[in-house]
Every structure is written in structure tokens, then in C-alpha cells.
Amino acid sequence: MSNQSIVKELLGLRDRVFNSSILTPSKHLNLSGRASDTTFLIGTRGSAVDLNESTFALVNLDAEVIEGDVDPTTSEILTMHAAVYKNLNSAKCVLHTHSPNATAFALAHKEIPSRYEALLRFGQASPVPVAQWGPRGSKESVEGIEQALVKDENIKGVLLANHGVLVFGSSIPETASIAFAIEEAATAELAASSIGGGVDFPEGALDAVRESIARARR
Ligand SMILES: [Zn+2]
């Protein structure tokens with residue numbers, strides 16, 4: 001896919017997320033897409049509302065800007081995006097939000113259990129873990145993200161302690177769907193906690209969901 005097509009898809013992702021209800025009142029959102037094995041394209045404005053086809057920069061996996069102008073707010077978060085592409089070959093897109101209910105778990109330093117079927121559809125059968133706090137993009141924060149990725153190559157998101165959530169997928173559209181599923185799971189967990197709490201899936205649920213998806217596509 002050309003860089004221009006990736007940027008177009010990322011702008012489509014921005015619009016899809018803006019039109020959902022997973023954002024905070026500030027609409028805080030940053031997003032990037034893999035351009036090659038060693039580079040990614042990232043929106044270069046602190047506010048995603050200001051992004052257009054000429055506001056994306058090309059960055060390498062050491063978080064060095066190869067092409068484009070990056071504003072100071074974006075410069076802080078390059079390492080956070082680079083960490084995902086570097087440690088997870090399958091990641092094609094990274095999305096960061098402060099989605100309210102996922103962020104409630106991040107503030108409480110509590111992982112989001114995988115008890116919501118939509119999570120299983122994306123292969124997220126383990127809890128969404130919490131990465132240790134550090135100022136955004138700092139060594140401490142990035143180390144926390146990397147540790148979570150190394151522990152479980154199937155994870156689709158990481159909660160950033162006292163901050164928000166980082167989501168990644170094998171395509172740009174899939175990444176939006178995962179961001180919705182994680183926020184919905186967090187919302188349902190909080191609601192279920194007032195009526196006795198969520199209950200785990202039975203053994204083999206992930207395989208059963210995968211078989212069901214495959215059957216429908218045959
Ligand atoms: Zn943030």
C-alpha cells in the first residue's frame with residue numbers, strides 16, 4: 001500500500017473514531033500506520049481534528065523523523081508508537097485514546113478481563129494488561145509497553161497506567177474495531193460489577209468463536 005493510501009485510511013480511521021463515543025470531551029486521539037518493516041506514518045498535530053493529507057510524518061522504529069514536521073506534542077509520543085511496531089511485527093496501526101472507561105481501569109491499575117465476546121473475535125483472550133506509569137513517551141512508560149508486548153504476542157491493547165489506552169491491530173480498520181471492543185468491554189465490566197461482577201468464559205471459548213467465524217465465511 002502506498003504512503004498516500006495509508007494516510008487516506010488513517011484519516012478514515014480518525015473520522016470513524018470521532019463519530020463514535022469512545023473519546024473524551026477533549027477528543028484526544030493520536031494514530032499511526034505502518035509504512036514498511038522499518039517505518040511508520042504518524043499524524044503530526046497534537047489535536048487529531050487538525051490532521052489532513054499533508055500533516056503526516058514518516059518515522060523510523062527508533063522514533064527518528066525521516067520526513068515531515070512534527071509538533072512538540074506529537075514528538076513526545078513517537079517512542080510509544082515506535083515501541084509497538086518494533087516489538088510486534090503484526091501491528092499495522094496504532095491508536096491512542098483516553099477512552100473513559102478503559103482509562104478508569106488504567107487509573108485503578110486494573111487490567112480489563114477478557115469476558116466480552118467482541119474481544120475474543122479479535123483474539124484478545126487474555127486480559128488487557130496495565131503498563132507502568134511514566135510521563136508520556138518516557139523510557140519508563142515505553143519499557144512498560146514493551147514488557148506487556150513481550151509477555152503476550154496476541155495482545156491487542158495495553159492500558160497506560162494513570163493515562164489512557166494504546167490499541168493496535170493487523171489492519172487500520174481492525175484497529176478501530178478493537179478500540180471500540182476494548183472500551184465496550186471496560187464499560188460492561190463496570191456495569192457488571194454492580195450486579196455481582198462479570199463471569200469468565202468457559203474453557204475453549206476462543207476456539208469456539210474462531211470456528212464459528214470460519215464457518216460463517218465458508
Ligand atoms: Zn494520552
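Start by selecting Glu189, which at 9% relative accessibility counts as buried, where buried means under 20% relative accessible area, exposed over 50% and partly exposed in between, computed with a 1.4 Å probe on protein chains only. Before going further, note that this is a predicted model, in which local features need pLDDT of at least 70 and side-chain atom pairs count only at pLDDT 80 or more, while totals for chains, interfaces and linings use all residues. Residues are numbered from 1 along each chain as its sequence is written, and side-chain values use heavy atoms, with hydrogens and water left out.

Arg115 lies in the loop between α3 (100-108) and α4 (117-121) and Glu189 in helix α6 (residues 172-192), so the pair ties together parts that are 74 residues apart in sequence. Helices (H or I, at least four residues) and strands (E, at least two) are DSSP runs, numbered from the N terminus. Arg115 itself is partly exposed, with a relative accessible area of 26%.

Keep Arg115 in view and select Asp200, whose side chain forms a salt bridge with Arg115 at 3.3 Å, N to O. This pair links distant parts of the chain, since Asp200 sits in the loop between α6 and α7 (205-217) and Arg115 in the loop between α3 and α4, 85 residues apart. Asp200 is exposed, with a relative accessible area of 55%.

Now move to helix α5 (residues 139-151), where Glu143 and Lys139 both lie, four residues apart, or about one turn of the helix. Their side chains meet in a salt bridge of 3.3 Å, N to O; Glu143 is partly exposed at 32% relative accessible area, whereas Lys139 counts as exposed at 62%.

For the last stop, select Phe40 and Tyr85. The count of aromatic pairs comes to one, a pair being rings of Phe, Tyr and Trp (its six-membered ring) with centres within 6.5 Å, called stacked if the planes are under 30 degrees apart, edge-to-face if over 60 and tilted for the rest. Phe40 and Tyr85 are stacked, 4.9 Å centre to centre with 25 degrees between the planes. Phe40 lies in strand β2 (residues 39-43) and Tyr85 in helix α2 (residues 72-87), so the pair ties together parts 45 residues apart in sequence. Both Phe40 and Tyr85 are buried.

Conventions. Salt bridge = Lys/Arg side-chain N within 4 Å of Asp/Glu carboxyl O.
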